[in-house]
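This report covers ring contacts and strand pairing in one protein model. The sequence and structure come next.

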Amino acid sequence: FKDTFSVNSVIYYTVRSLTGGSARDEGAASEELTVDAADLVPLMPLNLQAFPAAERVILSWTEFDELWVTGFNVYRKTDSSDFVLLGKTQTPTFLDPEAPSSKREYRVAAVGTAKEGPAAEIKDIIYIPQR
């Protein structure tokens, strides 16, 4: 069963079995299952890649079908800093406009209605000019 539910309200589910035969009959209802989108934690983005160029770094990753994900947070770390929030995006790509003149690392985490999921990481990104 796949449901598209409102992330702005709590949803309640019960399940009933059907008996086959000439007449369909429902069994007793299961215990009620409560789903609150605020409790959901997004999956880690997959296949994070970096494409460094002389003036910028383009990041991309595989989008997944968690419809309640509201966007992605992108973090950057350089040799002289810890991870800092670089920006937010709603698509599975991000452009870091700063030239990659020193090694850097990136983290990308999906954001749900209330929680951020685990981050994917990519390390040792630096632009090496082609000769």
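## Basis

This is a predicted model, in which local features need pLDDT of at least 70, side-chain atom pairs count only at pLDDT 80 or more, and totals for chains, interfaces and linings use all residues. Residues are numbered from 1 along each chain as its sequence is written, and side-chain values use heavy atoms, with hydrogens and water left out.

## Aromatic contacts

Rings of Phe, Tyr and Trp (its six-membered ring) count as a pair if their centres lie within 6.5 Å; planes under 30 degrees apart are stacked, over 60 edge-to-face, and the rest tilted. The count is 1 aromatic pair. Trp61 and Phe72 form this edge-to-face pair, at 5.2 Å centre to centre with 65° between the planes. Trp61 belongs to strand S6 (residues 57-62) and Phe72 to strand S7 (residues 71-78), 11 residues apart; strands are DSSP runs (E, at least two residues), numbered from the N terminus. Both Trp61 and Phe72 are buried (under 20% relative accessible area, 1.4 Å probe, protein chains only).

## Sheet

S7 and S8 run antiparallel and are joined by 5 bridges. Asn73 has Lys88 in S8 as its bridge partner.

How values were computed
Helix = DSSP H or I, 4+ residues; strand = E, 2+ residues; numbered from the N terminus. Buried < 20%, exposed > 50% of the residue type's maximum accessible area, 1.4 Å probe, protein only. Pairing = 2+ DSSP bridges.
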